[in-house]
Amino acid sequence: MNVALGGTFDPIHDGHRKLFERAFEIGDVTVGLTSDELAPRTRHVERYVRPFDARKRDLEVELQSFAETYDREFEVRRLDEPTGIAVEPQFDALIVSPETKEGGKRINEIRTNRGHDPLEIVVVDHVPAADGERISSTRIVSGEIDEHGNLTPDREGRGATRPE
């Protein structure tokens with residue numbers, strides 16, 4: 001089975017790793033990595049995103065370990081449009097997070113209009129940080145949490161209740 005997923009992946013965190021793991025469980029994986037031009041358009045907040053080449057290098061290192069574990073192939077491709085690579089006919093499944101599920105439905109509409117079979121949409125839940133909120137790259141960049149969802153020392157105890 002050929003599996004697609006896409007994103008900016010800057011920085012990579014445990015939520016992304018959960019997406020990658022599910023993708024490699026299903027089949028060979030192609031990741032659409034947002035281009036430098038597309039990345040700012042897909043963010044819900046304004047923040048710095050590292051250049052494509054740096055993100056691609058880190059992503060390939062991360063994906064290699066999953067490929068070896070699951071004995072699968074992978075490819076990273078430049079994503080220039082939000083619907084990206086998943087509209088191409090060779091894919092069977094699309095890995096999405098809860099907030100990108102609607103985008104998956106839109107991709108299937110495009111595929112159907114082009115005469116391609118719809119993709120199996122696989123929704124992977126968020127990974128919670130130590131405070132119960134989801135892990136996100138934006139929270140990591142802002143210094144709230146690390147890539148594993150641990151609260152940074154200056155944030156511990158804020159907004160979360162601690163057992164007494």
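Hi everyone, let me start with a definition: helices (H or I, at least four residues) and strands (E, at least two) are DSSP runs, numbered from the N terminus.

Two remarks on what we are looking at. This is a predicted model, in which local features need pLDDT of at least 70 and side-chain atom pairs count only at pLDDT 80 or more, while totals for chains, interfaces and linings use all residues. Residues are numbered from 1 along each chain as its sequence is written, and side-chain values use heavy atoms, with hydrogens and water left out.

So, the overall picture. The protein has five helices and five strands, and from the N terminus on they come in the order β-α-β-α-α-β-β-α-β-α. The C-alpha trace spans about 60 × 35 × 30 Å along its principal axes. The radius of gyration, taken over C-alpha atoms with a globule rule of 2.2 Å times the number of residues to the power 0.38, is 17 Å here; a compact globule of 164 residues would come near 15 Å, which agrees.

What share of the residues is buried? Buried means under 20% relative accessible area, exposed means over 50%, and partly exposed is in between, using a 1.4 Å probe and protein chains only. By that rule, 41% of the 164 residues are buried. The protein exposes about 9200 Å², and carbon and sulfur atoms supply 45% of that area; the areas come from the Shrake-Rupley method with a 1.4 Å probe, and for residues only the protein chains shown count as cover.

Next, contacts, meaning heavy atoms within 4.5 Å. Of the contacts with a separation of 6 or more, 65% are between residues 24 or more positions apart. For a local example, take Thr152, in the segment after helix 5 (137-141). Thr152 counts as buried, at 16% relative accessibility. Setting aside its neighbours within four places in sequence, Thr152 is in contact with Gly143, Glu144, Ile145 and Asp146.

Now to charges. Lys and Arg count as positive and Asp and Glu as negative, while His and the chain ends are not counted. The place of a charge is NZ of Lys, CZ of Arg, CG of Asp or CD of Glu. There are 23 positive and 34 negative side chains, and the centres of the two sets lie 4 Å apart.

A salt bridge here is a side-chain nitrogen of Lys or Arg within 4 Å of a carboxyl oxygen of Asp or Glu, and the count comes to 17. One of them pairs Glu37 with Arg78, with the closest N and O atoms 2.8 Å apart. Glu37 sits in the loop between strand 2 (28-34) and helix 2 (39-42) and Arg78 in strand 3 (residues 74-79), so this pair ties together parts that are 41 residues apart in sequence. Arg78 is partly exposed, at 44% relative accessibility. Arg78 also meets Asp80 in a salt bridge, 2.8 Å from N to O, and Asp80 is partly exposed at 38%.

Elsewhere, salt bridges link Asp10, Arg50, Arg57 and Asp58 in a network. Within it, Arg57 and Asp58 have their closest N and O atoms 3.9 Å apart, and Asp58 is partly exposed, with a relative accessible area of 31%.

Most residues other than glycine have a negative phi, and most peptide bonds are trans. Where does a cis peptide bond turn up? Here one joins Asp10 and Pro11, with omega about -10°. Phe9 is in the loop between strand 1 and helix 1 too, and has a positive phi of about 50° although it is not a glycine. Phe9 is buried, with a relative accessible area of 4%.

Asp71 also has a positive phi, near 50°, and its place is the loop between helix 3 (52-70) and strand 3. Is Asp71 buried or exposed? Asp71 is exposed, with a relative accessible area of 73%.

Last stop: Gln64, in helix 3, which is partly exposed at 35% relative accessible area. Gln64 and Val29 are 35 residues apart in sequence and 11 Å apart in space, from C-alpha to C-alpha.
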